[in-house]
Amino acid sequence: MISRRNLLKSLGLSAFALPSLTGLANPMTENESGALLSPDNPDFWKSVRNQFPLDKDTVFFNPGTVGAMPKVVVDKMTAHLNYTASSPADWAYKDDNKEEFISGYNNLMGIRTKVGKLINADPMDIAMTDNVTNGMSYIANGITLQPGDEILTTDQEHGGGQSSWKLKEKRFGAVFKMVEIGKPISSSSEVYDKILKAITPKTKVLMLSHMISGSGAILPVKEICTEAKKRGIFTVLDGAQTIGHIKVDVKDIGCDAYVGCFHKWIGAPCGTGFMFVQSEYLKNLWTSVSSYRWDDHADEGFRFTQRGTGNFPVLKGLDAALDFHFELEPDRVYARIKFLGERLRKGLEASPKVKFFCPSDESMCAGITVYNIEGWTGKKLQDAFWDSAKMRPRAQGDIFGVRHCTHIFNSEEEIDKAIALVSTWAK
Ligand SMILES: Cc1ncc(COP(=O)(O)O)c(C=O)c1O
């Protein structure tokens, strides 16, 4: 656990500079700290940027693929890797209450508790996985569907979210149905209508990205899940792009299951993810990977978390990344990401030849902006950014230009420079 004092010290701030966790009721503290820590205070965010060992001469705009780790994460992982090399004799077998260095057999309750706090779920309903693809596969493989049962989703799902459901179709005769939702999506109400209209009495599963990877669109998942639940449909959300990026509250959304990863927006090492399934469904879900606990229902999350020897230094890194996120305070992180994303979109709007594929409704957007310049390909735009300024957004094929992510390690200057470059190319 990184102590609050240490994090503040490393950010060059005193304990007075941040509200105490319980002191927000004091308006003086709130005002002062509000000014210091507001999403548009470059000094505070410069200190945060210094926590990342990112190269100073390149600009990273692609956490939508794989994120950047703060130094503390790398340090914790490295320290633990060294420990596993030097001190394997220290390891006391069969001690579930102590988080030992071999994952796969431990219940990982410490980390599951932090993930529970992050998404507002009971840690007993959470299992640790390696990524979103694993989590979604555990759910799709573990659920029983009959031939003809329908799985409904959109036409813009990532392969890691949808493929386990396509497998379900091929292997068990379920029917995989996609709804065209448009790119850009024109409005929340339109996407809501399109999805609800596609529901039939045979729909048994609704699988949706909470945020679409190729456009950054935040779907109205709460409203859609509410309606689906009324019809007895199992709802599962792909949160690959949301965890550490926007607020996720599974109780408020009311979904039955949610899968996510930490190696994109939360700054954890690669190979870290989770699945949450409401206990009423989790207790009946078959395990796909089975070890001692495969049929032990005392701790349902552990039943899936126990999946053979894994990589514990990576989990140490994840633990540190979660602490880092909590110490910065999630809402502050989300506000900063959104602030920078909006600044980028507003700046690009001034160039008439820029075409957007993220929604024009700002309430459906956060830190992902997808756009192209008329007549350009994504590769051309990606290469132009790199060749001109060593900036790295990610190409999205010929039509859709680039996916340009903004995160807490980016600065206003970086965004403004990117806007200025596009304005010269898009004349
Ligand atoms: C929406 C979405 N789902 C699933 C995935 C796959 O995630 P993972 O590699 O963690 O399995 C991604 C990766 O980019 C994604 O954007």
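This is a predicted model: local features need pLDDT of at least 70, side-chain atom pairs count only at pLDDT 80 or more; totals for chains, interfaces and linings use all residues.
User: How many helices and strands are in the chain, and what share of the 427 residues is buried?

Analyst: The chain has 17 helices and 13 strands. A residue counts as buried at under 20% relative accessible area. Of the 427 residues, the buried share is 55%.

User: Among contacts between residues at least 6 apart in sequence, what percentage join residues at least 24 apart?

Analyst: A contact here means heavy atoms within 4.5 Å. Taking contacts between residues at least 6 apart in sequence, the share that joins residues at least 24 apart is 66%.

User: Which residues come nearest to the ligand, and how is the shell around the ligand made up by class?

Analyst: There are 13 residues around the ligand, and those that come nearest are Thr133, Asp238, Gln241, His263 and Lys264. By class, the shell has 3 nonpolar, 8 polar and 2 charged residues.

User: How far is an oxygen atom of the ligand from an N or O atom in the side chain of lysine 264?

Analyst: Polar contacts are pairs of N or O atoms within 3.5 Å. Histidine 158 has a polar side-chain atom 3.5 Å from a ligand oxygen, and for serine 213 the distance is 3.3 Å. For lysine 264, the distance from a side-chain N or O atom to an oxygen of the ligand is 2.7 Å.

User: How much of the ligand's accessible area does the protein cover?

Analyst: On its own, the ligand has 400 Å² of accessible area.

User: Which parts of the chain does the pair of tyrosine 258 and phenylalanine 274 tie together?

Analyst: Both residues are buried. Tyrosine 258 lies in strand E7 and phenylalanine 274 in strand E8, so the pair ties together parts 16 residues apart in sequence: E7 and E8.

User: Where does phenylalanine 262, which pairs with phenylalanine 274, lie?

Analyst: This pair is tilted, with 5.5 Å from centre to centre and 35 degrees between the planes. Phenylalanine 262 is buried, at a relative accessible area of 0%. Phenylalanine 274 belongs to strand E8, while phenylalanine 262 lies in the loop between E7 and E8.

Note on methods. Residues are numbered from 1 along each chain as its sequence is written. Side-chain values use heavy atoms; hydrogens and water are left out. A residue is near a molecule or strand if one of its heavy atoms lies within 4 Å of it. A polar contact is a pair of N or O atoms within 3.5 Å; within protein, one must be able to donate a hydrogen and the other to accept it, and residues adjacent in sequence count only if both atoms are side-chain atoms. Accessible areas come from the Shrake-Rupley method with a 1.4 Å probe; for residues, only the protein chains shown count as cover. Ala, Val, Leu, Ile, Met, Phe, Trp, Tyr, Cys and Pro count as nonpolar, Asp, Glu, Lys and Arg as charged, and the others, Gly among them, as polar. Helices (H or I, at least four residues) and strands (E, at least two) are DSSP runs, numbered from the N terminus. Buried means under 20% relative accessible area, exposed over 50%, partly exposed in between (1.4 Å probe, protein chains only). Rings of Phe, Tyr and Trp (its six-membered ring) pair if their centres lie within 6.5 Å; planes under 30 degrees apart count as stacked, over 60 as edge-to-face and the rest as tilted.
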